[in-house]
Amino acid sequence: IRKYKTVIDWDLAGDENVYAIIELKVSLERSVGYQPLVERLYKFPEVRSVRLLSGQYDLSLTVSGRTMKEVAFFVAEKISTLDQVQHTTTHFVLKTYKEDGVILHEQDHVTRLPVTP
């Protein structure tokens, strides 16, 4: 167990942060691998998670910021300018339905018929 975590419904808590998933296509230095770039990426305070992917992109970042503009400038100024980064694609998170196995916006299910006079 690395740590215990509380899952917070940020919409209900009034969080004004914006979250985005950034996909990166990168070029690697010979005999070094992903590790040096990954270590540089996860040190940014805006970066919430870093994942190695299979498929068209190599890495996925989850980042947060106060506004979409702030996240966009972070990607443009800090991520895209790294030598190994060839291409980025940004996906802004509009709504989260399930987080870490917890359904956040579950509908109330009535199991009994309501009694009316």
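User: Hi! What is the relative accessible area of Glu70?
Analyst: Glu70 has a relative accessible area of 29%, so Glu70 is partly exposed. Buried means under 20% relative accessible area, exposed means over 50%, and partly exposed is in between (1.4 Å probe, protein chains only). Before we go on, this is a predicted model, in which local features need pLDDT of at least 70 and side-chain atom pairs count only at pLDDT 80 or more, while totals for chains, interfaces and linings use all residues. Residues are numbered from 1 along each chain as its sequence is written, and side-chain values use heavy atoms, with hydrogens and water left out.

User: Thanks! Which residue forms a salt bridge with Glu70?
Analyst: Arg66 does, and the closest N and O atoms are 3.0 Å apart. A salt bridge here is a side-chain nitrogen of Lys or Arg within 4 Å of a carboxyl oxygen of Asp or Glu. By that rule the count comes to one salt bridge.

User: Is Arg66 buried or exposed?
Analyst: Arg66 counts as exposed, at 61% relative accessibility.

User: And where does Glu70 lie?
Analyst: Glu70 lies in helix α3. Helices (H or I, at least four residues) and strands (E, at least two) are DSSP runs, numbered from the N terminus. Glu70 is also 8.9 Å from Val18, C-alpha to C-alpha, although the two are 52 residues apart in sequence.

User: Switching to the sheet. What is the strand order?
Analyst: The order is β2-β3-β1-β4, in an open sheet of four strands with antiparallel pairing. Strands β2 and β4 (85-92) are at the edges with a single partner strand each, so one side of each has no neighbour in the sheet. From one strand to the next, the twist averages 20 degrees. Axes are lines fitted to C-alpha atoms, for helices over the stretch in contact, and angles run from 0 to 180 degrees between N-to-C directions.

User: How many bridges join β1 to β3?
Analyst: Seven bridges join β1 (residues 18-26) to β3, and the two run antiparallel. Ile21, for instance, has Thr62 in β3 as its bridge partner. Strands β2 (residues 47-52) and β3 (residues 59-65) are also antiparallel, joined by five bridges. Two strands pair if DSSP finds at least two bridges between them.

User: What about the hairpin of β2 and β3: which residue takes a positive phi?
Analyst: That is Gly55, with phi near 105 degrees, in a hairpin that has six residues between the strands. Leu52 stands opposite Leu59 in β3.

User: What does Ser60 touch?
Analyst: Leaving out residues up to four places away in sequence, Ser60 touches Ile21, Ile22, Ser49, Val50, Arg51 and Leu53. Contact means heavy atoms within 4.5 Å. Ser60 sits in strand β3 and counts as buried, at 9% relative accessibility.

User: Which strands does helix α2 lie across?
Analyst: Helix α2 (residues 35-42) lies across β1, β2 and β3, and runs at about 160 degrees to β2.

User: Last topic, rings. How many aromatic pairs are there?
Analyst: The structure holds one aromatic pair. The rings of Phe44 and Phe74 have centres 5.4 Å apart and planes at 80 degrees, so the pair is edge-to-face. Rings of Phe, Tyr and Trp (its six-membered ring) pair if their centres lie within 6.5 Å; planes under 30 degrees apart count as stacked, over 60 as edge-to-face and the rest as tilted. Phe44 is in the loop between α2 and β2, and Phe74 is in helix α3 (residues 68-79), 30 residues apart.

User: Is Phe74 buried or exposed?
Analyst: Phe74 counts as buried, at 6% relative accessibility. Phe44 is buried too, with a relative accessible area of 17%.
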